[in-house]
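Subject: Structure handover

Hello,

Please find the structure below. My notes follow it.

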Amino acid sequence: MPKFDGTGPAGQGPGTGRGLGRGQGGGKGAGGGPYAAGPGGNCVCPKCGQALPHKTAQPCNQMTCPKCGSKMTRG
């Protein structure tokens with residue numbers, strides 16, 4: 001644009017515009033799944049069924065079962 005009046009050649013900009021499209025969103029969603037389970041609940045052993053109360057800030061899959069030694073899951 002020679003004088004910043006909009007009369008310059010078309011198609012030579014950096015192509016960084018945002019656009020006004022209404023496409024599909026790419027967000028994470030509104031909840032659900034094991035990462036949204038909250039502080040309560042139990043950790044359960046998938047092998048023997050032993051249940052322990054879930055501790056805040058300690059994921060169930062980092063706990064081991066006191067009976068059989070396998071990794072716990074959220075239940």
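The notes cover the sheet, the cysteines, the core and the loop.

First, the ground rules. This is a predicted model, where local features need pLDDT of at least 70, side-chain atom pairs count only at pLDDT 80 or more, and totals for chains, interfaces and linings use all residues. Residues are numbered from 1 along each chain as its sequence is written, and side-chain values use heavy atoms, with hydrogens and water left out.

**Sheet**

Helices (H or I, at least four residues) and strands (E, at least two) are DSSP runs, numbered from the N terminus. Three strands make an open sheet, ordered E2-E1-E3, with antiparallel pairing. E2 and E3 are the edge strands, each pairing on one side only. Two strands pair if DSSP finds at least two bridges between them. E1 and E3 are joined by two bridges in the antiparallel sense. Cys 43 has Arg 74 in E3 as its bridge partner.

**Disulfide**

A disulfide here is a pair of cysteine sulfur atoms within 2.5 Å. How many disulfides does this rule give? The count is one. Cys 43 and Cys 60 form it, with sulfur atoms 2.0 Å apart. The link ties distant parts of the chain: Cys 43 lies in strand E1 (residues 42–44), Cys 60 in the loop between E2 and E3, 17 residues apart. The disulfide is left-handed, because the torsion about its S-S bond is about -65°.

For burial, the cut-offs are: buried under 20% relative accessible area, exposed over 50%, partly exposed in between (1.4 Å probe, protein chains only). Cys 43 is buried at 0% relative accessible area. Cys 60 is buried too, at 5%.

Cys 45 is in no disulfide; its nearest cysteine sulfur belongs to Cys 68, 3.5 Å away. Cys 45 counts as buried, because its relative accessibility is 2%. Cys 48 is also in no disulfide, and the nearest cysteine sulfur, from Cys 65, is 3.5 Å away. Is Cys 48 buried or partly exposed? Cys 48 is partly exposed, at 39% relative accessibility.

**Core**

A nonpolar core is a set of buried Ala, Val, Leu, Ile, Met, Phe, Trp, Tyr and Cys residues joined through side-chain atoms within 4.5 Å. Which residues make up the largest one? There are six: Cys 43, Cys 45, Cys 60, Met 63, Cys 65 and Met 72. In soluble globular proteins, nonpolar side chains tend to be buried together.

Contact means heavy atoms within 4.5 Å. Cys 60 and Cys 45 are 15 residues apart in sequence, and 9.4 Å apart C-alpha to C-alpha.

**Loop between E2 and E3**

Asn 61 sits in the loop between strand E2 (51–53) and strand E3 (73–74). Beyond its neighbours within four places in sequence, Asn 61 contacts Lys 71 and Met 72. From Asn 61 to Cys 45 is 16 residues in sequence and 9.6 Å, C-alpha to C-alpha.

Ser 70 is in the loop between E2 and E3. Ser 70 is buried, with 12% relative accessible area. Leaving out residues up to four places away in sequence, Ser 70 touches Cys 45, Pro 46, Lys 47, Met 63, Thr 64 and Cys 65.

Best regards
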